[in-house]
Amino acid sequence: MVEQAEWSPPSTKAAALIYWRKPEEWASLIDKWVLDSGLNNSILTIYEIAHGEETEGLEFHGLDQTILLKALDILVKR
């Protein structure tokens with residue numbers, strides 16, 4: 001089921017991002033993993049989060065970078 005969609009970039013409508021899970025939900029999953037893993041106050045790269053050995057088998061492993069960046073932006077604002 002599609003939860004949300006948006007134009008990217010909104011001004012040109014050149015492409016659409018279609019989410020089956022909202023960026024807020026991805027942010028919560030990543031936040032939970034960081035806390036459960038004891039990685040809070042650690043520096044992690046985008047590559048480590050999306051493709052690292054520590055995230056293998058987790059739902060956000062292999063997540064598209066555009067969506068991952070949206071989720072991380074949400075976490076920064078929290």
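How many aromatic pairs does a search of the whole structure find? I looked through this predicted model and noted that the search finds two aromatic pairs. One of them joins Trp20 and Trp26 in an edge-to-face arrangement, with 5.5 Å from centre to centre and 90 degrees between the planes.

Next I turned to the salt bridges, of which the structure holds four. Among them is the bridge between Lys70 and Glu6, whose closest N and O atoms are 2.8 Å apart. This pair links distant parts of the chain, since Lys70 belongs to helix H3 (residues 65–77) and Glu6 to strand E1 (residues 4–8), 64 residues apart. I noted Lys70 as partly exposed at 27% relative accessibility, and Glu6 likewise as partly exposed at 26%.

I also looked up Arg21 and Glu59, whose side chains meet in a salt bridge of 2.5 Å, N to O. Arg21 lies in the loop between strand E2 (15–19) and helix H1 (23–37), while Glu59 lies in the loop between H2 and H3, 38 residues apart. Arg21 is buried, with a relative accessible area of 15%, but Glu59 counts as partly exposed at 47%.

Last, I searched the surface for charge and found that Glu48, Glu53, Glu54 and Glu56 gather there in a patch of negative charge. Of these residues I followed up Glu48, which is found in helix H2 (residues 46–51) and is partly exposed, with a relative accessible area of 30%.

Conventions
Residues numbered from 1 in each chain as written. Predicted model: local features only at pLDDT ≥ 70, side-chain atom pairs only at ≥ 80, totals over all residues. Heavy atoms only, no water. Patch = residues over 30% accessible without salt bridge, like charges linked within 9 Å, V, L, I, M, F, W, Y side chains within 5 Å. Areas by Shrake-Rupley, 256 points an atom, 1.4 Å probe, with all protein chains shown as cover. Lys, Arg positive; Asp, Glu negative; His and termini not counted. Charge placed at Lys NZ, Arg CZ, Asp CG, Glu CD. Helix = DSSP H or I, 4+ residues; strand = E, 2+ residues; numbered from the N terminus. Buried < 20%, exposed > 50% of the residue type's maximum accessible area, 1.4 Å probe, protein only. Phe/Tyr/Trp six-rings, centres within 6.5 Å; stacked < 30°, edge-to-face > 60°.
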